[in-house]
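I am opening the notebook on this entry. The notes below follow the order in which I looked things up.

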Amino acid sequence: MTDPVIRHRLERLQAKLRRRKLSVLLVTNPANRRYLSGYSAADHGIRESSGVLLVPGRGRPRLLTDSRYILQAEEEVVGSEVMLYGKGLTASLRGFLRERKAGSLGFESDYLLHATYARLKSMAEKESVDLVPVSGLVEGLRLTKSEPEIGMIRASVALNEQVFQKVRKTIRPGMTEKGIALAIEAAMREAGAEAPSFETIVAFGTNAARPHAVPTDRVLAPGEIVLVDMGLVLDGYCSDMTRTFVVGEPDQVFRERLAVVRRAHQAAVQAIRPGVACREVDQAARGVIREAGYGKFFGHALGHGVGLEVHEEPRLSPASRRKLRPGMVVTVEPGIYLPDWGGIRLENMVVVRENGSEVLNRTQDDDLNNAEVAR
Ligand code: ZN
Ligand code: ZN
């Protein structure tokens, strides 16, 4: 990300902080940290932080990290000063609060260990600083994507599709779920992805009835369902796509159910436009599935936002009254799951546009779903 982009994001956040009368925000969520600083290090879990960002209502933010990451931070960080923790997070934070004469400290309540909170609380009490839980503040800025961000998401989607098509051509009966997942993740790395955006799902036959199946040693039999849900990270931005197919000749039941899922997908894409509530988009797809008699076999929400995180706001859930706005990027992923049979899910990524929607995926779900491939 270029300097002006990051600086603009910081200015928007700082204006929000001033409106809320927050002196300093402690940013611990790694996606928020990256969004506001360009610093790309990952956290290996909430207990393995690679740094925190302190954003004051006015003035220069500070990124704190340790010696393992300092070189990377100095190279990447834009708009903030970079410093080592020194005597640890609490002491460094105390120093920053004193320097800025801060009266309040916001923290991201969705991304902080209780143990860390307890230490902050005792420090804040001693310093007479109000400790204020904050939720969704930076996420609110990330909710709609700029054109350059959409361009990066589009590139992530395109690379993901390219990887899928490459591996799809090699899928044969006799392969295992784990083997295919491994081949996909290796191909992602070879193609230049930073990482998979989540653990790749490959599920055969009845395993495909579990929406979040974990790949096993199950061996693919001819004519079985194969469900692949995969995504990668490119320049920080995630992709997420599901394809369901049969190696060999699909039977009539599979064709019929696939047709229902496709119709549901289409209905949702057509429903997406600014001003429509998320739950209305969910309903558009769910209605098609219900009318086809599969209502109780579609348990999860229709989709979710995607950006620096693979699952972010907005959620296309039956309960969400949030209204779509131009620049939001969401998945549309209706599915039908029958425990004794298997499952079908079709997932593409869609941008909300002024005049409707734009599907970012370029491949159809059946591009390779024909008899010439992998009999
Ligand atoms: Zn997915
Ligand atoms: Zn998804």
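Which residues are the protein donors of the zinc ion (ligand 2)? I find Asp 240 (OD), His 304 (NE2), Glu 333 (OE) and Glu 347 (OE), at 2.1 to 2.2 Å from the ion. Donors are N, O and S atoms within 2.8 Å of the metal (3.2 Å for Na, K and Ca), and water is not among the atoms, so sites may look incomplete.

The model is predicted, with pLDDT of at least 70 needed for local features and 80 or more for side-chain atom pairs, while totals for chains, interfaces and linings use all residues. Residues are numbered from 1 along each chain as written, chains are lettered from A and ligands numbered from 1 in written order, and side-chain values use heavy atoms, without hydrogens and water.

I checked the geometry next. The four donor atoms of the zinc ion (ligand 2) make angles of 79 to 155°, and the site is irregular. Four donors count as tetrahedral if all angles lie between 85 and 135 degrees; four count as square planar and six as octahedral if opposite donors are over 155 degrees apart and all others between 65 and 115; anything else is irregular.

The zinc ion (ligand 1) lies 3.1 Å from the zinc ion (ligand 2), and Asp 240 coordinates both.

Along the sequence, I read the donor spacing for ligand 2 as D-x63-H-x28-E-x13-E.
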